[in-house]
Amino acid sequence: MFPSHSQNLSKLQQMLEKFYLEDAHFDKDLIFNSTWTKPLGVSISAHLKFIESNLGNPLLYLGTSKMHDMCVKYLSSLLNLKEGHGKILSGGTESNITALWIARKIYGKGKVLYPETVHISVIKAIDLLNLEGVKVSVDDDFRADIGEVEKKLRDDVIAVVLTAGTTLFGTVDPIKEISELLDDQFLHVDGAFGGFILPFMEKLGLWKGEFDFRVYAVKSFSIDPHKMGMSTIPSGALITRDDYFRHIRFEAEYLSNGYSDSLLGTRCSAAVAATYAAINYLGFEGYTKIVKRCFDVRDYALKRFEEEGLEILHKPPMTIVNLKFKNPKKIYKKLLKRRVYVSLNSKYSSIRLVFMPHIDEKKVDLFIENLKAVAEEEL
Ligand SMILES: *Cc1c(COP(=O)(O)O)cnc(C)c1O
């Protein structure tokens, strides 16, 4: 029932505290299933400072608008695009929906080709926009099968979505090779996860191969500052080669700038300030260090897994590792009971672990301890 009168403030705070304690938290819990992490302190304070801001009505928030445009510039240059366009949005889902919305506006209705490892948001977008999906399988390395893409690329394919850092495996589709098979289709790269990792992996010598706007056919790219970008939720970005947002511009005189060209109306623009803060606080060097540390912890885990005789599904290119089990669902459920958070990847008979900055060697050891205890219960 809706409360009829005001609640005593300290009582309310107690209630909030109780709920807070029921939630999992990055510091103390074993959260191996999240692609987001604890935001930087500077980002949290920037978020709180700009909590009123709403770029749905941008002329009220000229300062936030400036930070927004600078973030678009930073991310474009990170992705090797000189004169980039784009928007800071609420996350990868909104970015992917917006990319396909733009593609449909430009090309009209048609088919969208995607590998089976595509993120669910792309499937949602295809459904919402009344497009038709064409699924292609992946090769042994969980990357889009080039031969099958070639076969299935027909005239009525308007868009192709490839992933730079798949959610399940951290794999990168052969973007360059597939781009060479395209005529004029809209090529969208979903780098929601990998966008803030691959550029730093390149710097560290951990990655080779073009995945971004260096591939000429790439028209748009999703990158999430609220994942390895260390910013606050909700913060995603869609970076585009041209000013494609004009295709989804709707006039609305009541708004301060007279139009809206994003899916959401009211936008949590505190996250824009948080993203601006994270990027400036860390710089390329700071992100490179964070990514390096995640790889070090991942390598420690791989070593420990090997010592324990655990089977690794495939050589992980990024910071996502899948452990193969006969019955992953049972293990998943038992781990969950112990408040050890991993993802179930039934289709590939594995348990998926993501190595984000909140995971350290100690947590890896604790995870293994729990896993062993669970495995013993099985016997
Ligand atoms: C996280 C993710 C998304 C969805 O992003 P949200 O920010 O959760 O909406 C899309 N694609 C990939 C590859 C992702 O990792």
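Predicted model: local features only at pLDDT ≥ 70, side-chain atom pairs only at ≥ 80, totals over all residues.
**Entry 1: α2 against α9**

I started with helix α9, residues 270-307, and looked up its packing with helix α2, residues 41-49. Two packed helices are described by the angle between their axes and the distance between the axes. Here I noted an angle of about 150° and axes 7 Å apart. Angles over 145 degrees count as roughly antiparallel, so α2 is roughly antiparallel to α9. The crossing of α2 and α9 is right-handed.

Next I listed the residues that touch. From α2 I wrote down V42, S43, A46 and H47. Their partners in α9 are A270, A271, A273, A274, A277, A278 and Y281. I sorted the residues of this contact into 9 nonpolar and 2 polar, with no charged ones.

**Entry 2: α3 against α9**

I then turned to helix α3, residues 62-78. Its angle to α9 is about 45°, and the axes lie 9 Å apart. That makes α3 oblique to α9. I recorded a left-handed crossing for α3 and α9.

On the α3 side, the contact uses T64, M67, H68, M70, C71, Y74, L75 and L78. On the α9 side I found V272, A273, T275, Y276, I279, N280 and F284. The residues of this contact divide into 11 nonpolar and 4 polar, and again none is charged.

Is T288 buried or exposed? I looked up a relative accessible area of 10%. Buried means under 20%, so T288 is buried.

Which residues does T288 contact, leaving aside its neighbours within four places in sequence? I found F200, K203 and L204. I also checked M201, which is 87 residues from T288 in sequence. In space, their C-alpha atoms are 7.4 Å apart.

**Entry 3: strands**

Strands of a sheet pair through backbone hydrogen bonds, either parallel or antiparallel. I looked up a case of each.

Strand β3, residues 111-115, is mostly covered, with 4 of its 5 residues buried. β3 pairs with β4, residues 132-136, in the parallel sense over 5 bridges. Across this pairing, L113 of the pair stands opposite V134 in β4.

My antiparallel case is an open sheet of 4 strands, in the order β11-β12-β15-β14. Its edge strands are β11 (311-312) and β14 (343-345), each pairing on one side only. β14 and β15 (residues 350-354) share 3 bridges in the antiparallel sense. N345 faces S350 in β15.

Then I came back to α9. This helix lies across β11, β12 and β15 of the sheet, running at about 10° to β12.

Most residues other than glycine have a negative phi, and most peptide bonds are trans. I went looking for exceptions.

Where is there a cis peptide bond? One joins I233 and P234, with omega about 0°. P234 is in the loop between β7 (218-223) and β8 (236-240).

N80 is not a glycine, yet its phi is positive, about 65°. I placed N80 in the loop between α3 and β2. With a relative accessible area of 39%, N80 is partly exposed.

F142 also has a positive phi, about 60°, without being a glycine. F142 sits in the loop between β4 and α6. Its relative accessible area is 9%, so I noted F142 as buried.

Note on methods. Residues numbered from 1 in each chain as written. Heavy atoms only, no water. Axes fitted to C-alpha atoms, helices over the stretch in contact; angles between N-to-C directions. Helix = DSSP H or I, 4+ residues; strand = E, 2+ residues; numbered from the N terminus. Parallel < 35°, antiparallel > 145°, perpendicular 65-115°, else oblique. Left-handed = near helix turned anticlockwise from the far one by under 90°. Contact = heavy atoms within 4.5 Å. Nonpolar A, V, L, I, M, F, W, Y, C, P; charged D, E, K, R; others polar. Buried < 20%, exposed > 50% of the residue type's maximum accessible area, 1.4 Å probe, protein only. Pairing = 2+ DSSP bridges.
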